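The following report is meant for a reader who is meeting this structure for the first time. It treats one chain, then the other, and then the place where the two touch.

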Amino acid sequence: MAELQRDKTFEPSGIQGKLKAVLHDVQGTLLRTLGTIERRGYDYRDVHCTQRVDGNFDLLVHVEDTGGPNDLDLLCRQLERLYNVVSAERVGRRTRAEHAE
Amino acid sequence: MTTAMQFDIQRAEILEDREPKSGAQLLLESIAAQGVETIFGYPGGAIMPVYDVLPRVPQLSHILCRHEQGCGMAAIGYARATGKTGTAFATSGPGATNLVTSIAEAYLDSVPVVFVTGQVATNLIGTDAFQEVDIFGITLPIVKHSYIARDPADIPGMVAEAYFIAGEGRPGPVLIDLPKDVANALTTERHRWRPYPKQKPEMGKSKDIAAAEKLMRDAKKPLFYIGGGIAQGDGVQEIRDLVERTQIPVVSTLKGLGSLPNDHPNYLGMLGMHGLRAANYAVQECDLLIVAGARFDDRATGKLDTFAPNAKVVHLDIDVAEIDKLRRVNVGLDGSLKKNLAALDPFKDNAEHEDISEWTKLCYDRRTEHAWDYKSPITNMTSGGIYAPKLLHDLSRRADDSAIITCDVGQHQMWVAQHCYFDDPKDHITSGGLGTMGFGLPAGLGAKLGAPDRTVITVSGDGSIMMNIQELATLNRYDIPLKIVLLDNSALGMVRQWQEVFFEKNYSEVNLDDNPDFAAVAKAFQIDAFTITRGDEVDAGIDRLLSTNGPVLMHVKIDTAENVWPLVPPGRSNADMMER
């Protein structure tokens with residue numbers, strides 16, 4: 001069998017983590033957000049979405065990398081690029097290696 | 001900081017209007033209020049209320065293309081030639097799906113276009129009604145933003161925000177899906193719109209600018225790698241000034257061509273898969289890569305983990321999500337490219353810095369050594385054949401300086417990039433990100449309508465032209481004086497080249513020797529056309545092309561076996577260029 005195209009940049013790193021995003025209550029925002037997470041190279045392990053008193057939604061997502069350019073902070077910036085995503089941030093512990101960076 | 005205030009001003013007048021108006025009327029008046037003059041569209045069932053109102057909004061000139069993809073590509077060409085936001089209309093169902101490739105094109109090349117699609121009435125949405133598709137859902141991954149209009153009173157604010165979003169920051173496509181009953185409904189209400197929410201930095205932090213300047217002073221082999229963001233960020237003069245201040249050599253992506261004129265003393269050429277040797281070698285050997293408005297696209301970088309292996313990286317981009325995306329950077333400067341480039345002044349006050357003269361000499365010697373010689377390895381030019389790179393070289397130098405060249409996708413696209421002269425990036429309109437065959441003709445007509453005083457030339461191939469050849473009818477209908485150069489090698493040339501080089505000459509489904517007589521086809525659309533087949537006809541052909549007042553097509557027969565060189569094999573380092 002032929003080898004798949006290899007490039008260190010795209011090797012799965014096994015990164016896992018939790019993200020919290022605040023979303024406006026506007027049609028399509030949840031789909032846009034979840035779609036972006038998948039297209040940028042992550043699988044979901046857990047998804048929670050709850051409405052806040054201000055009408056926005058808190059989206060909590062546990063993701064695992066499937067082999068893209070892997071950086072959860074970058075993923076947060078890509079999510080924040082979406083209109084009606086108020087903010088996106090990592091939550092929970094960082095690994096020792098990430099702290100060292 | 002953010003431009004929310006401008007957005008408020010844009011919508012203020014229209015919100016004060018309390019006349020009873022339909023959604024369709026509000027849509028068109030709101031579009032006109034944005035300063036739009038030209039719409040490319042195609043009517044159909046669900047968008048008929050809009051077309052019913054259209055004749056009563058005289059500010060809007062509608063161009064009826066002959067396919068919705070043609071409408072979208074024409075809007076893109078118009079936007080790229082004018083710097084304004086383009087507008088395209090289509091109906092629901094197949095009209096909307098025919099727009100999808102254009103929407104993706106605008107997304108991948110960051111072009112501001114507002115696409116409006118008709119939709120079935122709101123009570124029919126979700127019922128699989130006639131000509132119903134979920135275009136909002138289909139296009140979610142390829143729009144900057146999108147809306148379904150559910151209330152006519154939302155439309156003025158929605159339209160103002162759509163145009164604002166399409167053009168702000170990194171531009172892109174915005175979709176408005178308009179159900180038929182919302183278009184028909186009358187309202188006296190005008191809903192206030194949620195203020196634009198995002199806060200974005202205007203430019204990089206001063207400490208990051210200082211860090212970038214220090215890297216530039218300490219580098220022995222610095223290199224600029226510039227892309228399409230230079231033109232879109234209005235940073236052409238700023239990059240030229242910075243190059244002048246630093247004397248650092250420059251390589252460009254396909255979309256960055258023209259940011260520096262081809263003959264600029266610091267310019268090494270296009271990098272990447274079909275880049276120039278001098279450019280690719282410089283990237284591989286540099287110790288500092290200053291990336292401005294480029295995004296490490298795979299066609300530019302080759303195998304990413306071998307790209308500029310010894311370089312530190314400074315990355316300037318208006319889109320913060322591009323920084324650190326594919327290459328870890330040492331310094332990232334987000335925000336306005338224009339302001340960041342203007343702020344960079346590493347050698348100010350005679351600051352001590354490394355001597356880069358040895359490096360620049362090496363780069364410029366290589367540029368001379370690997371300059372194009374225009375001797376075809378295939379075509380026997382003395383016995384009569386036409387060598388396309390030479391023809392394009394001659395054409396672009398004989399056209400006036402302000403000429404715009406649009407092109408399709410394939411071998412001819414790379415020849416245009418390699419051999420045509422550009423001294424402004426807006427002179428080169430190509431499908432860089434999506435690589436859409438069929439882009440060139442409609443983009444050319446859109447560009448010509450946007451820039452009527454400039455010569456616009458579309459270079460196409462015999463494969464590409466057939467993908468939107470119906471737009472010849474649009475040229476004829478509006479008498480748009482577009483000049484088309486059709487390079488016909490009777491094959492899908494780029495695929496054929498790859499089959500020759502990488503698939504052991506196993507030519508599969510690339511033979512187009514049953515092409516129609518393209519000049520006859522053009523004449524059937526009442527467009528002036530002629531064919532040339534020999535090298536000694538090129539000069540006269542270019543003369544006729546450039547001197548014809550109306551639309552004209554020059555059909556050029558070239559050798560099937562002619563290939564594009566150099567070529568970096570896919571998945572390989574840019575250092576592994578193949579030649580002839």
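Chain A has 3 helices and 4 strands, and from the N terminus on these elements follow one another in the order β-α-β-β-α-β-α. The model is a predicted one, and the description below should be read with that in mind. Of the 101 residues of chain A, 28% count as buried. Among the contacts in chain A between residues at least 6 apart in sequence, 70% join residues that are at least 24 apart.

The strands of chain A form an open sheet of 4 strands, in the order β2-β3-β1-β4, with antiparallel pairing. At its edges stand β2 and β4 of chain A, each of which pairs on one side only, and the twist averages 20 degrees from one strand to the next. Within this sheet, β1(A) and β4(A) pair in the antiparallel sense over 6 bridges, and A:Leu19 stands opposite A:Arg90 in β4(A). Helix α2(A) packs on the sheet, where it touches β1, β2 and β4 of chain A, and its direction makes about 170 degrees with that of β4(A).

Which residues of helix α2 (residues 72-80) of chain A are buried? They are A:Leu72, A:Leu75, A:Cys76, A:Gln78 and A:Leu79. These residues cover an arc of only 160 degrees around the axis, which puts them on the same side of α2(A). As a matter of background, an α-helix has 3.6 residues a turn, so residues three or four places apart point the same way. What covers the buried residues of α2(A) includes β1 (16-23), α1 (29-39), β2 (42-51) and β4 (85-91) of chain A.

Chain B is divided by the domain assignment into domain 1 (4-187), domain 2 (206-369) and domain 3 (381-557). The centres of domain 1 and domain 3 of chain B, taken over C-alpha atoms, are separated by 31 Å, and 22 residues of domain 1 of chain B are in contact with 26 residues of domain 3 of chain B. On the side of domain 1 of chain B that touches domain 3 of chain B, the elements that give two or more residues are β2 (38-41), α4 (68-82) and α5 (94-108) of chain B. It is α4(B) that gives the most to this side, with 11 residues. The residues of this side of domain 1 of chain B divide into 11 nonpolar, 7 polar and 4 charged.

Chain B also holds an open sheet of 6 strands, in the order β11-β10-β9-β12-β13-β14, and here the pairing is parallel. Strands β11 (267-270) and β14 (331-334) of chain B stand at the edges with a single partner strand each, so one side of each is left without a neighbour in the sheet. The twist of this sheet averages 15 degrees from one strand to the next. Helix α9 (residues 206-218) of chain B lies across β9, β12 (288-292), β13 (312-317) and β14 of chain B, running at about 130 degrees to β14(B).

Strand β20 (residues 552-557) of chain B has 6 of its 6 residues buried, so it is largely enclosed by the rest of the structure. From β20(B), B:Val552, B:Met554 and B:Val556 point one way, while B:Leu553, B:His555 and B:Lys557 point the other way, and all are buried. In a regular strand the side chains alternate between the two faces of the sheet. Strand β18 (residues 483-488) of chain B runs parallel to β20(B), and B:Leu486 has B:His555 as its bridge partner in β20(B). Strand β19 (residues 528-532) of chain B also pairs with β20(B) in the parallel sense, with B:Ile532 standing opposite B:Val556.

| Strand pair | Sense | Bridges |
|---|---|---|
| β1(A) and β4(A) | antiparallel | 6 bridges |
| β9(B) and β10(B) | parallel | 3 bridges |
| β18(B) and β20(B) | parallel | 6 bridges |
| β19(B) and β20(B) | parallel | 5 bridges |

There remains the contact between the chains, which takes 17 residues from chain B and 18 residues from chain A. Strand β6 (residues 145-148) of chain B gives the most to the side of chain B that touches chain A, with 3 residues. The residues of that side of chain B divide into 10 nonpolar, 3 polar and 4 charged.

Definitions and conventions: Residues are numbered from 1 along each chain as its sequence is written. Chains are lettered from A and ligands numbered from 1 in the order in which they are written. This is a predicted model: local features need pLDDT of at least 70, side-chain atom pairs count only at pLDDT 80 or more; totals for chains, interfaces and linings use all residues. Two residues are in contact if their C-beta atoms, placed from the backbone, lie within 7 Å. Ala, Val, Leu, Ile, Met, Phe, Trp, Tyr, Cys and Pro count as nonpolar, Asp, Glu, Lys and Arg as charged, and the others, Gly among them, as polar. Two strands pair if DSSP finds at least two bridges between them. Axes are lines fitted to C-alpha atoms, for helices over the stretch in contact, and angles run from 0 to 180 degrees between N-to-C directions. A residue is buried if 20 or more other C-beta atoms lie within 10 Å of its own, exposed if 12 or fewer, and partly exposed in between; C-beta atoms are placed from the backbone. The arc is that of the directions from the helix axis to the C-beta atoms. Domain bounds come from an automatic or database domain assignment.
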